Amino acid sequence: AAVRPVLTCARSLARSRPATATDDNNADSDGAAMESPTAHARAALLPSAEPYELRATLAYWTSVVWLEASVAFTAASFFMLFSDRWEAEKVTALVNAPFVMGAALFTVGAYVGILSALNAQHPPHTPLRLWPRPSELRVVPGLWGYFVYFVGTLWFLWNCIAGLVGVSGGRLGALEFIWAPGIMGGVSFVWGALIECDTNEVWGKLRGRVSGWCCISVALSLANLVGGVLFLWGSVGGAAVAPSDLLGQRLWVAGPFLVGSAAFIVGSSLMLAMWKREQYGLGMIAGLNSPAHMPHHDEHDHAPQVRWNHFGFVHTSAVCSGLAMIDLLFTAQRQRSVTLHETIRNATGAAVVVMLAHGVLWLGVVVHRTPRVKPYGALVRYMRMLMVLLAFHLAFSVTADVLYDE
């Protein structure tokens, strides 16, 4: 019942908006323009209120999940700088577990990217395809790049799980089961970022051979490339530096992962900004991002722009969801040192915050074109204020986790 007014408003906006190219194609009997791959992709990825479809939000969830993963890796890398001062239980809660959570989220984000690239080539209202055929990997635009990223995330997931559960065999065991997969993951991330740079003609634009070098897709590609290189650097450093060398661990392992994770935060934020501009190709399907293929939906027929208050609202919600999951992991880990009553109270509170943050993220895609009809605009402003307060709460909660028992 609480969602019904928002959906009603969204339907009214959908009915009242001027006809787009997609509407005209549906009305025309010949449908010649609709037969082009770009038109199919636009129709497949353009959000619609009637009916709501998961495929229409794949670009959004790729950006959001990648941002959550970057936040988790950034927090874990930062806490890794001080892990030598903490007991094993606290290191597990603040370093190893967030790394695993971040790697799992990176994997989900890359897979959603595969879904986005794969299903953009098919007309809307067709069954959602879940995995590509091998013959499609190098043919479908964007699919190969997302697949390379996906392979890299699996390597990093192996790397992080092995670090969480521990391995036997001393440094040789760590090299084989922790850092070798990390190196493979770093190579895959660099490869995926180079594919992204090639897709967006980054090198030609930087040399001045192609116009439009100062654009969001160039910054996105370079941010992901910097992140991939630093992840590879950190993995090589982990294999080369002895665990007893604390300064080396900070400079060659934790430091590169921290800066690389920050670069991925920048990249995922730029992906989210591209989604707000309705450039649903993000960094991998450049053909959907040109002004000629972007929808014109306002009364002045202007291209969609980023509304920074709504962008900040969605961005804050994604960061809050990542911090809430870190807080939940720490609550679960310290259950041995607190009473059962306090454990249940803290765990349920953290779980509610996780669900609230993700619910707001879901609301963010439903109200993508921010309602202006009263009282729905006031509802959105109220949710923004709620997420700001939640961000402060989580910042203090995670700080309390760090200072716990110190």
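1. The largest cavity has a volume of about 100 Å³. A cavity is, on a 1 Å grid over the protein atoms alone, a set of points where a 1.4 Å probe fits but cannot get out. Grid points are joined across faces, edges and corners, and a volume is the space filled by probe spheres set on the points. The structure holds 1 cavity of 30 Å³ or more.

2. The model is predicted: local features need pLDDT of at least 70, side-chain atom pairs count only at pLDDT 80 or more, and totals for chains, interfaces and linings use all residues. Residues are numbered from 1 along each chain as its sequence is written, and side-chain values use heavy atoms, with hydrogens and water left out.

3. The lining of the largest cavity consists of Thr62, Trp66, Gly109, Tyr146, Tyr149, Glu196, Asn224, Met271, Leu282, Gly283 and Met284; a lining residue has an atom within 4 Å of a point. Helices α4 (58-80) and α6 are the elements that give two or more residues to this lining. By class, the lining has 6 nonpolar, 4 polar and 1 charged residues. Here Ala, Val, Leu, Ile, Met, Phe, Trp, Tyr, Cys and Pro count as nonpolar, Asp, Glu, Lys and Arg as charged, and the others, Gly among them, as polar.

4. The mean pLDDT (the predictor's confidence in each residue, from 0 to 100) of the protein chain is 79, and 75% of its residues reach 70 or more. Contact means heavy atoms within 4.5 Å. Where pLDDT is low, the predicted coordinates should not be read in detail.

5. As to architecture, the protein chain has 13 helices and 0 strands. Helices (H or I, at least four residues) and strands (E, at least two) are DSSP runs, numbered from the N terminus. Of the contacts with a separation of 6 or more, 74% are between residues 24 or more positions apart. Of the 406 residues, 52% count as buried, that is, under 20% relative accessible area (1.4 Å probe, protein chains only).

6. The second largest pocket has a volume of about 840 Å³. A pocket is an open set with protein on both sides within 12 Å along at least five of seven lines. Its lining comprises 30 residues, with Met80, Asn96, Trp179, Gln249 and Val253 nearest the centre. The elements giving two or more residues are α5 (88-119), α6, α7 (170-199), α9 (216-240) and α10 (246-276). The lining of this pocket divides into 19 nonpolar, 8 polar and 3 charged residues.

7. Asn159 is found in helix α6 and is buried, with a relative accessible area of 8%. Leaving aside neighbours within four places in sequence, Asn159 is in contact with Ile178, Trp179, Pro181 and Gly182.

8. Ala117 has its place in helix α5 and is buried, at a relative accessible area of 0%. Beyond neighbours within four places in sequence, the contacts of Ala117 are Val140, Pro141, Gly142, Leu143, Tyr146 and Ile285. Ala117 and Leu58 are 59 residues apart in sequence, yet 9.2 Å apart in space, C-alpha to C-alpha.

Terms used:
Buried means under 20% relative accessible area, exposed over 50%, partly exposed in between (1.4 Å probe, protein chains only).
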